[in-house]
Amino acid sequence: MAARTEQEKIELFERTPVPSAVVIMAVPTVASSLVMVLYSLADTYFVGMLNDPVATAAVTLASPVLLAFNALNNLFGVGSSSLMSRSLGRKDYDTVRKTSAMGFYCALFCSLLLSGSCTLLKSPLLTVLGASADT
């Protein structure tokens, strides 16, 4: 989808009826969530075709970590979107721009931090997830 012009954004957020605007904005969000679910299903399906229960178990053990990454990023997305919507109502576009950037960079930083933590604390994390020596 092409990027919206400034006028199209103003039209969407200020003049479009709320139910229509919610649908317009929610469809890409729901689609991205479905892609993540389909990715997990496809991953499990193709690994399952190997007929190796240990490999399938390993994919299943990685799923909670992937969900933790998504939850962390959603935390910043939902939190910053609240401030952004209030700023849009005040027509304070500078705050919207800053909040958007801050949400993105905080999500990026925390994801890198979580990645590093998972790497450094791999053994205890795998034990908590229920991994065995085989998986």
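User: Why is D94 called partly exposed?

Analyst: Its relative accessible area is 39%. Buried means under 20%, exposed means over 50%, and partly exposed is what lies in between, with a 1.4 Å probe and protein chains only. D94 at 39% is therefore partly exposed. A quick note on the source: this is a predicted model, where local features need pLDDT of at least 70, side-chain atom pairs count only at pLDDT 80 or more, and totals for chains, interfaces and linings use all residues. Residues are numbered from 1 along each chain as its sequence is written, and side-chain values use heavy atoms, with hydrogens and water left out.

User: What makes K98 and D94 a salt bridge?

Analyst: The N to O distance between their side chains is 3.1 Å. The rule asks for a side-chain nitrogen of Lys or Arg within 4 Å of a carboxyl oxygen of Asp or Glu, so this pair passes. Both residues lie in helix 4, four residues apart, about one turn of the helix. K98 has 55% relative accessibility, so K98 counts as exposed.

User: How many salt bridges are there by this rule?

Analyst: The count comes to two. D92 pairs with R90, and their closest N and O atoms are 3.9 Å apart; that is within 4 Å, so the pair counts. D92 is partly exposed at 25% relative accessible area, whereas R90 is exposed at 52%.

User: What makes Y45 and F46 an edge-to-face pair?

Analyst: Two cut-offs decide this one. Rings of Phe, Tyr and Trp (its six-membered ring) pair if their centres lie within 6.5 Å; planes under 30 degrees apart are stacked, over 60 edge-to-face, and the rest tilted. Two aromatic pairs turn up by this rule. The rings of Y45 and F46 have centres 5.2 Å apart and planes at 75°, so the pair is edge-to-face. Y45 counts as exposed at 53% relative accessibility, and F46 is exposed too, at 54%.

User: Which residue pairs with F104, and how are the rings set?

Analyst: F104 pairs with Y105, edge-to-face, with 5.1 Å from centre to centre and 75° between the planes. Y105 is found in helix 4, residues 93-120. With a relative accessible area of 53%, Y105 is exposed.

User: Which residues make the nonpolar surface patch?

Analyst: F104, Y105, L108 and L112 make a patch of about 450 Å². Patch residues have over 30% relative accessible area and no salt bridge; like charges are joined within 9 Å, nonpolar side chains (Val, Leu, Ile, Met, Phe, Trp, Tyr) within 5 Å. Y105 at 53% clears the accessibility cut-off. Areas like these come from the Shrake-Rupley method with a 1.4 Å probe; for residues, only the protein chains shown count as cover.

User: How many helices and strands does the protein have?

Analyst: Five helices and zero strands. Helices (H or I, at least four residues) and strands (E, at least two) are DSSP runs, numbered from the N terminus.

User: How do you know that the protein is more spread out than a compact globule?

Analyst: The radius of gyration is 20 Å, well over the 14 Å that the globule rule gives for 135 residues, so the protein is more spread out than a compact globule. That radius is taken over C-alpha atoms, and the rule is 2.2 Å times the number of residues to the power 0.38. The C-alpha atoms fill a box of roughly 55 × 30 × 20 Å along the principal axes. Buried residues make up 12% of the 135 residues.
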